[in-house]
Amino acid sequence: MRISFLLLLGLPSTICWAARHPDPVPGIDWDSFGFGLNGVQTDAMWLDRVDAVSGEYSTDAKRCLQTDQSITLSPAATVFNYGQVLFEGLKAIRWPDGSIVVFRPTDNARRMQAGAERFCLPPVPEATFCQAVEAVVRANARWVPPCGKGALYLRPLLMGTGAALGVKPSSESTFCIYCSPVGNYFKGELKPIRLQAVKGYSRAAPGGAGAVKASGNYAPAFGVQRLVRARGFDEILCLDAKTSSALEEAGASNLFVVFRNGTLATPTLSTATILPGVTRQSIIDLARDELGLEVIEGRITLDDMKESVVEAFCYGTGACITPVGEVSIDHNDEGMEDESIVFGEEPGPLTKQLYRMLTDLQTGTDADLCAKYRHWIHQIDP
Ligand SMILES: *Cc1c(COP(=O)(O)O)cnc(C)c1O
């Protein structure tokens, strides 16, 4: 439902009609929300099933928004049998001025298009993707948490839903966006996490699908994730498939390191084994253009980490920036003792600075920065 309020602004003669987003649902303990479904049933999701050859995705919110948030599919759908499915993740945030914004949604749209190309699904046009995002946020605006208390996390999915036994692309494609309110990842101060790299385990191999947000990239990590968590670590650090010596990613987020000389570095996308994060690119841009830092996208090894790295952090839409306090290396069958690189209990100064900048920008709390990067901010009309 859309509610309009009459706002009287400035001089009595300038009366303007301004639509406003609905207030957040009352009586909710938003502070108790983590990154999850939080027991909330939101109001609507986007669902559009099209013929994979001749079909065009709809932009008609009346047709695609539905309150029933379930999908009925044949067990023969390619999404189940052959993993023909991609996902995205982005957040809608309520700003202090009452507006609701989404951060760089066209980047998510383009990334999903790249995945669709690889997975032989008809790509969703950028404009259609953004219109669907807007419609879902608008329909669920009362589930966007109050300013400063988290976000409405949007999860677009693109999948093959035609039923067929043969190993081939689906005859039907489904574009869906569901959403869930999530809390701030960090309730107070940034808390460094402990990573463990397990040699012999890798997330993505050269030539594989590591550079696209393919759902099938995640379940294969669950076993080793469980292993490192049972050992008391928070997350896995992924190493390159060929040599187990270069850093790639941490769980489902990108990785950054700060060298002793102040240079910021992150693994290069040129290996095509790294997911090109929207947050990753934002951090690179902010570090270069706002802090004047040298930023290297290259090959970073565990030895570099041992010898000359003074700070490390991971970043992604889910958790924003997560400082890394320690990196442990399990040499697995190389017959060496585990090693540990400790950065400490406190996040490094650059980690804190970049976290501040990015959250100020995303939450609308630094007017100057927001004005400068307004091309990253996608405002949702009420
Ligand atoms: C989604 C994801 C990221 C982070 O991407 P953002 O666009 O910044 O959210 C990083 N690594 C992996 C493997 C991911 O799936």
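How do the residues of the shell around the ligand divide into nonpolar, polar and charged?

## The ligand and its shell

The shell around the ligand divides into 4 nonpolar, 6 polar and 4 charged residues, where Ala, Val, Leu, Ile, Met, Phe, Trp, Tyr, Cys and Pro count as nonpolar, Asp, Glu, Lys and Arg as charged, and the others, Gly among them, as polar. This is a predicted model, in which local features need pLDDT of at least 70 and side-chain atom pairs count only at pLDDT 80 or more, while totals for chains, interfaces and linings use all residues. Residues are numbered from 1 along each chain as its sequence is written, and side-chain values use heavy atoms, with hydrogens and water left out.

Of the 14 residues that surround the ligand, the closest are Lys213, Tyr218, Glu249, Thr279 and Thr317; a residue is near a molecule if one of its heavy atoms lies within 4 Å of it.

## Polar contacts

Among the polar contacts (pairs of N or O atoms within 3.5 Å), a side-chain N or O atom of Tyr218 is 2.2 Å from an oxygen atom of the ligand, and a polar side-chain atom of Lys213 lies 2.7 Å from a ligand oxygen atom. Val278 takes part through a backbone N or O atom, which lies 2.8 Å from an oxygen atom of the ligand.

## The second largest pocket

Lined by 28 residues, the second largest pocket has Asn184, Tyr355, Arg356, Thr359 and Thr363 nearest its centre, and by class its lining has 11 nonpolar, 11 polar and 6 charged residues. A pocket is an open set of points on a 1 Å grid over the protein atoms alone, where a 1.4 Å probe fits, with protein on both sides within 12 Å along at least five of seven lines, and its lining residues have an atom within 4 Å of a point.

Notes
A polar contact is a pair of N or O atoms within 3.5 Å; within protein, one must be able to donate a hydrogen and the other to accept it, and residues adjacent in sequence count only if both atoms are side-chain atoms.
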